[in-house]
Amino acid sequence: MNIILLLIFQIHCFFARTKGCFTMSESQETVSTLSNMARNLAPKLSDEKHKGQAGRIGVFGGSVEFTGAPYFSSIAALRVGADLSYVFTIKDAATVIKSYSPELMVLPYLDDTNVIEKITPWVDRLHVALLGPGMGRAQHTKEVFEKIITLCRSKKKPLLIDADGLFFIAQNPDIIKDYPAPVILTPNKMEFIRIVGEENSDLSKAEKAKHFLERTGSNITIFCKDAVDEVITSHGSIKLLSGGGSGRRCGGQGDMLGGAMSVFLTWALEKNVEPIVACYAASKLTRDCNYEAFKKHGRSMVVTDMIQEIHKVFDENFEQKSC
Ligand SMILES: *[C@@H]1O[C@H](CO)[C@@H](O)[C@H](O)[C@H]1NC(C)=O
């Protein structure tokens, strides 16, 4: 009797640990369309392209307390295929982040008195700005955060806002009101409640997000990180992937997702493809990297192990195969 129960339990665990799979719902068809579109996002590799064409990503974040988060975002962006990945951070965090990797360009400008003057020439060259990883929540950081958004707005730069950036957005959603380019917000459960309010209500996520989206405008996409990822826009919501991995959530996984999504968003916009395809692609990549890394490392998996799996997962799902 016990053996049968154990067997059933193991079969259940086996299925629970499959790769990021589609949720069984009416949106299944939509998700398989997204999967096909995601397959065509990456630019073909070619000798004729110059450096920078596959994406220049800027990650704005880091603080004395948190140096890992912007590093994971920015190294994930490079590993997914961005040509250049910049980290904009404060002086005391810059040396630390530089020491993690010579691949990244780390610019120590965020606590400079002339921060906007310093970053403007760099921001001009970015395809997507990712704001928030490890930024901290200090009041003076909020002021810098809002100045950066104002600068990006004047240059119509697409944005991705995560982590502490969402903490600031919750306090002042108007800063992204009628933003002139796509913006993706990537809240987890807590951050979602913080930005939309309505903590104690039975409404669906999409309904809860409705007022927020009415206030901020049509260029905002909310990507909700949860057991089942969900994308919400002013046009409605789509449930994306569930499963994918191990149940082991390691620190930095959200930062990796944000970095990957910035690159997919760059490619999507280049091809006039909806930002939700970039959301799908980043979700799929992160879930499958979790699955692959867990197979090798089990419970001791850390986000660096997931980043090591990007090549394999990317190759299976997003590489442009020439035939
Ligand atoms: C939304 O972004 C597009 C560019 O992607 C822009 O043309 C449009 O004006 C923006 N909408 C608003 C309300 O600014």
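Helices here are DSSP runs of H or I, at least four residues long, numbered from the N terminus. With that settled, arginine 79 sits in helix H3, residues 68-80. One caution before I go on: this is a predicted model.

The secondary structure comes to 13 helices and 11 strands. The chain has 323 residues, and 54% of them count as buried. The accessible surface is about 15300 Å². Carbon and sulfur atoms own 53% of that surface. Now the contacts. Take those between residues at least 6 apart in sequence: 72% of them join residues at least 24 apart.

Back to arginine 79. Is it buried or exposed? Arginine 79 is exposed, because its relative accessible area is 55% and the cut-off for exposed is over 50%. Set aside neighbours within four places in sequence, and arginine 79 is in contact with Ile307 and Ile310. Arginine 79 and alanine 260 are 181 residues apart along the chain, yet their C-alpha atoms are separated by 8.3 Å.

Next, the ligand. Which residues surround it? They are Asp178, Tyr179, Pro180, Ala181, Pro182 and Asn219. By type, that shell divides into 4 nonpolar, 1 polar and 1 charged. Now the polar atoms, one residue at a time. A polar side-chain atom of asparagine 219 lies 2.4 Å from a ligand oxygen. Tyrosine 179 uses its backbone: an N or O atom there is 3.4 Å from an oxygen of the ligand. Aspartate 178 also has a polar backbone atom at 3.5 Å from a ligand oxygen. How much of the ligand does the protein cover? On its own the ligand has 360 Å² of accessible area, and the protein covers 46% of that.

On to helix H8, residues 189-196. Its buried residues are Glu191, Phe192, Ile195 and Val196. Viewed down the axis of H8, these fall within an arc of 115°, so they line one face of the helix. Here is the background: an α-helix has 3.6 residues a turn, so residues three or four places apart point the same way. On the other side of H8, Lys189 and Met190 are exposed.

What does the buried side of H8 pack against? There are two helices to name, H7 (164-171) and H9 (205-216). Then come the strands: S7 (183-185), S8 (220-224) and S9 (230-233). At the start, a side-chain oxygen of asparagine 188 reaches to within 3.3 Å of the backbone nitrogen of methionine 190. After H8 comes glycine 197, with a positive phi near 70°.

That brings up backbone angles. Most residues other than glycine have a negative phi. Two residues in this model go the other way. Lysine 156 has a positive phi, near 50°. Lysine 156 is in the loop between helix H6 (139-154) and strand S6 (159-161). At 56% relative accessibility, lysine 156 counts as exposed. Alanine 163 is not a glycine either, and its phi is positive, about 50°. You will find alanine 163 in the loop between S6 and H7.

Two more stops. First, glycine 217, in the loop between H9 and S8. Glycine 217 is buried, with a relative accessible area of 12%.

Last, glutamine 253, in helix H10, residues 253-270. Why does glutamine 253 count as buried? Because its relative accessible area is 14%, and buried means under 20%. What is glutamine 253 in contact with, leaving aside neighbours within four places in sequence? The partners are Arg248, Thr286, Asn290, Val303 and Met306.

That is the tour. If you open the model, start at the ligand, with the side chain of asparagine 219 at 2.4 Å from a ligand oxygen. Then turn to H8 and look down its axis at the buried face.

Conventions: Residues numbered from 1 in each chain as written. Predicted model: local features only at pLDDT ≥ 70, side-chain atom pairs only at ≥ 80, totals over all residues. Heavy atoms only, no water. Buried < 20%, exposed > 50% of the residue type's maximum accessible area, 1.4 Å probe, protein only. Contact = heavy atoms within 4.5 Å. Near = heavy atom within 4 Å. Polar contact = N/O pair within 3.5 Å; in protein donor to acceptor, adjacent residues only side chain to side chain. Areas by Shrake-Rupley, 256 points an atom, 1.4 Å probe, with all protein chains shown as cover. Nonpolar A, V, L, I, M, F, W, Y, C, P; charged D, E, K, R; others polar. Arc of directions from axis to C-beta.
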